[in-house]
Every structure is written in structure tokens, then in C-alpha cells.
Amino acid sequence: MKILRYGAKGKEVKALQNLLIKEFDADIEADGEFGSITKWALIQVQKSKKIPGDGIYGPQSYYKLNNKQPPKSKTYKADTGDKKAVRRLLHLEIKKRYGNP
């Protein structure tokens, strides 16, 4: 997702403007230019959605304005082989530092 802010131009900006018009009844023109009127409309919508009204259309605004959930962060789960390898490495490190018990 491309972050959009004041001064941006193009089809992504036009899509944002159409979203603001269609879903939030913003009184703006979908011309593909992120000017002061688009920024003002976005800030008003951000505030209504209880997110920081900074006028920047980033990930937080994208998910809130499109009623989507952000992807869950992936966690790494070690398998049994990893655990055994870590134990061996720890054992070797202890042996190296303190000698054999």
C-alpha cells in the first residue's frame, strides 16, 4: 500500500477521494490531486474514526476507512529440533566457560 499525503497525485489519490466521497459523503472532487481540500476531508474522517487526524493516508487510515482488519503479525514457533539445538549450544557454552562439572 502506498502512503498518500499532501502533494501526491495519481490513481491512488483518486481512489482515496472516491472513497471519501462515496463512504463519507465528502464534498470534494475526485481529480487525483491530494490538495488542501482532500487533506481537510481526510482529517475530518480520521477524527470521526478516532485515529490521529494527520491528513496522511497510511496503513492505520487504510484499515479503518476500509473497515478491514490489519494482518496479524506472524510469530515464529520453534520446533523440537530447534529446541534441542539451542540446548546443545547452551551446554557447549557453559562447558567452555566453566569446564566440566
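Colleague: Where do Glu 93 and Arg 97 lie, and how many residues apart are they?
Modeller: Both are in helix H4, four residues apart, which is about one turn of the helix. Keep in mind that this is a predicted model.

Colleague: What makes the contact between Glu 93 and Arg 97 a salt bridge?
Modeller: The N to O distance between their side chains is 2.9 Å. The cut-off is 4 Å between a side-chain nitrogen of Lys or Arg and a carboxyl oxygen of Asp or Glu, so the pair qualifies. A search of the whole structure finds one salt bridge.

Colleague: Why is Arg 97 called exposed, and Glu 93 partly exposed?
Modeller: Arg 97 has 59% relative accessibility, and exposed means over 50%. Glu 93 has a relative accessible area of 31%, which falls between the limits of 20% and 50% and is therefore partly exposed.

Colleague: What forms the nonpolar patch on the surface?
Modeller: Val 86, Leu 90, Ile 94 and Tyr 98 form it, with about 450 Å² of accessible area together. Val 86 is found in helix H4, residues 80–98.

Colleague: How many aromatic pairs does a search of the whole structure find?
Modeller: Two. One of them is Tyr 57 with Tyr 62, at 6.4 Å centre to centre and 70° between the planes.

Colleague: Is Tyr 57 buried or exposed, and what makes it so?
Modeller: Tyr 57 is buried, because its relative accessible area is 7% and the limit is under 20%. Tyr 62, at 23%, is partly exposed, and so is Tyr 63, at 24%.

Colleague: Which residues have the most contacts inside the largest nonpolar core?
Modeller: Among them are Tyr 57, Leu 4, Leu 16 and Phe 34; the core has 15 residues. Helix H1 (11–24) and helix H2 (36–48) each give two or more residues to this core, and H1 gives the most, with four. Beyond its neighbours within four places in sequence, Tyr 57 is in contact with residues including Leu 16, Leu 42 and Leu 65.

Methods. Residues numbered from 1 in each chain as written. Predicted model: local features only at pLDDT ≥ 70, side-chain atom pairs only at ≥ 80, totals over all residues. Heavy atoms only, no water. Phe/Tyr/Trp six-rings, centres within 6.5 Å; stacked < 30°, edge-to-face > 60°. Buried < 20%, exposed > 50% of the residue type's maximum accessible area, 1.4 Å probe, protein only. Core = buried A, V, L, I, M, F, W, Y, C linked by side-chain atoms within 4.5 Å. Contact = heavy atoms within 4.5 Å. Patch = residues over 30% accessible without salt bridge, like charges linked within 9 Å, V, L, I, M, F, W, Y side chains within 5 Å. Areas by Shrake-Rupley, 256 points an atom, 1.4 Å probe, with all protein chains shown as cover.
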